[in-house]
Amino acid sequence: MSQLHQLVPLSDEMRGAQFAAFLGGPVPDGVRLGRYPTADEIRAAFGRLNESVRRMVQDKSGKSWSLAVMDGAHEALRIDARLRGQTEMLFTVSGDRHLLEALVAQLPRNCGSFLIMTDGQNPVIVTAEG
């Protein structure tokens, strides 16, 4: 069974003491406020990865989209972005957490920093540096 990951852009609220306690320490230096990436930004980040066994497929319907990173005939990572309201996106991510963290690091710098957790556990902050 694939693990469910949370991918949350860093917000001002995450700079406080309560979030630092949840994280298990202070928010690292150099983090930036984040925003959800577009499908095009994720595809470009995928192209910068040094992973050799992957290919990406996309399903787009309206303003919602899904990207699946394939390892042979199997999904290694799936990102579903669904429009919620007029402008807010809801991201659902499942699959290989290592691949997710590597992909997020390759996003454009203006995407900022992200909190990544697996099933609400093991939080880590990854900053887009692509």
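**View 1. H5 touches V93, S94, G95, D96, R97, L100, M117 and T118, leaving aside residues up to four places away in sequence.** Contact here means heavy atoms within 4.5 Å. This is a predicted model, where local features need pLDDT of at least 70 and side-chain atom pairs count only at pLDDT 80 or more, while totals for chains, interfaces and linings use all residues. Residues are numbered from 1 along each chain as its sequence is written, and side-chain values use heavy atoms, with hydrogens and water left out. H5 is found in strand β1 (helices are DSSP runs of H or I, at least four residues, and strands are runs of E, at least two, numbered from the N terminus). Is H5 buried or exposed? With a relative accessible area of 2%, H5 is buried (under 20%; exposed is over 50% and partly exposed in between, with a 1.4 Å probe and protein chains only). Look next at what the side chain of H5 reaches: the backbone oxygen of G95 lies at 2.6 Å, and the side chain of T118 makes a polar contact with the H5 side chain at 3.0 Å. A polar contact is a pair of N or O atoms within 3.5 Å; within protein, one must be able to donate a hydrogen and the other to accept it, and residues adjacent in sequence count only if both atoms are side-chain atoms.

**View 2. Strand β1 shows a covered and an uncovered face.** In a regular strand the side chains alternate between the two faces of the sheet. Within β1 (residues 4-9), H5, L7 and P9 make up the covered face, while L4, Q6 and V8 lie on the uncovered one. β1 runs antiparallel to β5, joined by 2 bridges, and two strands pair if DSSP finds at least two bridges between them. The β5 partner of H5 is V93. β1 also runs antiparallel to β6, this time with 5 bridges, and Q6 stands opposite M117 there.

**View 3. Q3 lies in the segment before β1.** Which C-alpha distance is worth checking for Q3 and D119? Their C-alpha atoms are separated by 7.1 Å, although the two residues are 116 residues apart along the chain.

**View 4. β3, β4 and β5 pair in the antiparallel sense.** On to the next pair: β4 and β5 share 8 bridges, and I79 stands opposite V93 in β5.

**View 5. The largest nonpolar core contains 28 residues.** A nonpolar core is a set of buried Ala, Val, Leu, Ile, Met, Phe, Trp, Tyr and Cys residues joined through side-chain atoms within 4.5 Å. I42 and W65 touch the most other members. Contributions of at least two residues each come from α2 (39-48), β3 (64-71), β4 (74-84), β5 (88-95), α3 (97-105) and β6 (113-118). Which element gives the largest share? That is α3, with 5 residues. A second, separate core has 9 residues, including L23, V27, L115 and I125.

**View 6. The structure holds 3 aromatic pairs.** Rings of Phe, Tyr and Trp (its six-membered ring) pair if their centres lie within 6.5 Å; planes under 30 degrees apart count as stacked, over 60 as edge-to-face and the rest as tilted. F19 and F22 form a tilted pair, 6.0 Å centre to centre with 40° between the planes. These two residues are 3 apart in helix α1 (residues 17-23), so about one helical turn separates them. F19 is buried at 12% relative accessible area, whereas F22 is partly exposed at 41%. Y36 and F91 form a stacked pair, 4.3 Å centre to centre with 10° between the planes. This pair links distant parts of the chain, as Y36 sits in the loop between α1 and α2 and F91 in strand β5, 55 residues apart. Y36 is partly exposed at 27%, and F91 is buried at 8%. Finally, find W65 beside them: ring pairs link Y36, W65 and F91 into a cluster.
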